[in-house]
Amino acid sequence: MKAQSESPLITVLPDHIANQIAAGEVIQRPASAVKELLENAVDASATSIQLIINDAGKSLVQVVDNGKGMNEADAKLCFGRHATSKISRIEDLFCIQTMGFRGEALASVAAVAQVELRTRTAESETGYYIEVENSQLVKAEPIAAPQGTSVAMKNLFFNVPARRNFLKSNAAEMRHIIDEFSRVALAFPAIAFSLHANNQQLFQLESGTLKQRIVQLMGASYESKLVTVKEETDYLNIRGFVGKPDAARKTRGEQYFFVNNRFIRSGYLHHAVMSAFQGMLAPDHFPLYVLFIDLDPQQIDINVHPTKQEIKFEDEKIVYAFVQAAVKHALAQFSITPTLDFELDASIQQLSSIQQPFTEENKTRAADSSLFRSFTQKNQAHLIQPTGFRPYPTDWTASEPTPAAPLLQHALEEEAIVVMGLHNSYIVYQTSEGFWLIDQQGAHERILYEQLQQSSTEKPIAAQRTMFPITLSLPPADAALLTELCPSLVSLGFLLEAGSSGEFIIQATPATIQSGKEKSIIESLLEEYKHYNADAGYSMREKLIRSLVKHRRIKAGTTLSQKEMRQLVMDLLACKQPGQTPDGKPTYLAFSNSYLSSLFGK
Ligand code: ADP
Ligand code: MG
């Protein structure tokens, strides 16, 4: 073995290299600088913030704010590592009120780019200009400047070519920038924001409400498509909006959670929202949501790295249950469901904090909070108080609450139901408050869907034996698929026996299926099922149910008798979610008498 030389192998890295390495954690791409600089402007109490981008941020990211600015001493200090005005004691970590607190952002930006700072406080007559490059101060001089701060980051990674090569296409980097911009803009709707890229204005967001901000960012089509979510408890508050099911989109990107006003990613809470929407969305569709969860900072781990956008809750399951219940409650109120009871997930019901959520002293106060009341009501997440007819999709009769229970009783007496068919496609249903215009096909889809969902192995759909055994021959691929489906089909009323070489003997089909149609229904069921097969999001059973619904629904154009129309209305009213088809489309529009009078100028 060769003798080791006496000189040490370990060297202490020069500052500028150490800074570059540390900076890599904070500034990965132009969008990271966008986030940090916007948050600094927010922390500086700005009421108006401009973001200026050139070349997808590769040549310029600039943030101009009208906040409190920095004096000369702070302007020189702010680029140092661990330079922050936001915390000074470790205890401060547990009551952070600002977006930043680590004092790393400006130091990181200065380590990997050329930075120009212009700033002035209200008290000072002159402003200061500071230029930093490669963590070195290049220039510092007084200048004339408006109150506030402008930070321009130029030529990102000019001194770290390897990382510069790592950046994606301009289109991809710009998408990241718009994402970060949108998150900050959603969290602070009272602040005006603008975004210019290559001298073109992309966004001009006025100060306003959260709802206005969502519409400004995501498009006017959401104007009438947002449902308010608002629940307050002693443990946490949830506020924000979810999009109506029919506004759901196939691409993701309009889902936002903020915890104590900080954007977070959480697959777990996303699941909570999706489960609240269950049975209301078309395959592969995602609803918009912008939800703010506010809770005691003690209940979350603040020490997770701020750029990671992940969060640890002290009790994740409770947050999940609250989010799910809050969204269900909001959706139920919007779909004017007469009385809905949502079963809480069994595992969550067992949690001691659900059964006794609060300490003894808090209980009286807590009893007034809506979520607590509903959680304790026979373990039901919510007993919905009817809020009246909300015509779909606008809100013009929302001011006339109508008790829904009497409506249900009235509806159940069949003779009392007054209906009229229109174009063999719609049903006009007279109510004491006005009338509903029901889409017969959509309504029937909802009814079938819920009936099929209620079936189980113990309680299968009523089946009827075939008079003579019917043999169905299928090509090998279809035969393999049907063999796989056979067990799940039993609870849905189908009894099939697999024979040899692709043959099946049909023993029984649902009682509602006409004799002679047994073969064709199974064939078309298979065809429908194949359409859904690519959707990984659905269980086999859900796919089967949706396929059966598609096949068995009463199509538009089918003439219905008075009796059939009345039955359809009764069945619809008995549904848990009468307002939407399983794909999230409206099943009826409600018109109030007062709205009708107003149309005629009365
Ligand atoms: P942090 O935000 O974690 O404190 P930064 O490196 O982002 O760390 O900023 C360092 C300090 O510089 C801040 O604490 C603040 O005092 C000051 N600062 C940064 N940006 C601004 C700004 N836009 N307006 C006023 N002060 C600022
Ligand atoms: Mg900061």
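Figure 1. The shell around ligand 1 holds 18 residues, of which N40, T84, S85, K86 and G103 come nearest. Sorted by class, this shell consists of seven nonpolar, seven polar and four charged residues.

**Figure 2. Side-chain contacts of ligand 1 with N40 and S85.** The side chain of N40 places an N or O atom 2.8 Å from an oxygen atom of ligand 1. For S85, an N or O atom of the side chain is 2.5 Å from an oxygen atom of the ligand. Both N40 and S85 are listed among the residues that come nearest to ligand 1.

**Figure 3. The pocket of ligand 1.** The space that ligand 1 takes up is the largest pocket of the predicted model. The residues around ligand 1 in this view include T84 and K86, which are listed with those that come nearest.

**Figure 4. Cysteines C78 and C575.** C78 counts as buried because its relative accessibility is 12%, where the cut-off for buried is under 20%. C575 has a relative accessible area of 8% and is therefore buried as well. A disulfide joins the sulfur atoms of two cysteines by a covalent bond. With a cut-off of 2.5 Å between cysteine sulfur atoms, the count of disulfides in the model comes to zero.

Terms used:
Residues numbered from 1 in each chain as written. Chains lettered and ligands numbered in written order. Predicted model: local features only at pLDDT ≥ 70, side-chain atom pairs only at ≥ 80, totals over all residues. Heavy atoms only, no water. Near = heavy atom within 4 Å. Polar contact = N/O pair within 3.5 Å; in protein donor to acceptor, adjacent residues only side chain to side chain. 1 Å grid on protein atoms, 1.4 Å probe; cavity = no way out; pocket = protein on both sides within 12 Å on 5 of 7 lines; lining within 4 Å. Sits in = over half its atoms within 2 Å of the grid points. Nonpolar A, V, L, I, M, F, W, Y, C, P; charged D, E, K, R; others polar. Buried < 20%, exposed > 50% of the residue type's maximum accessible area, 1.4 Å probe, protein only.
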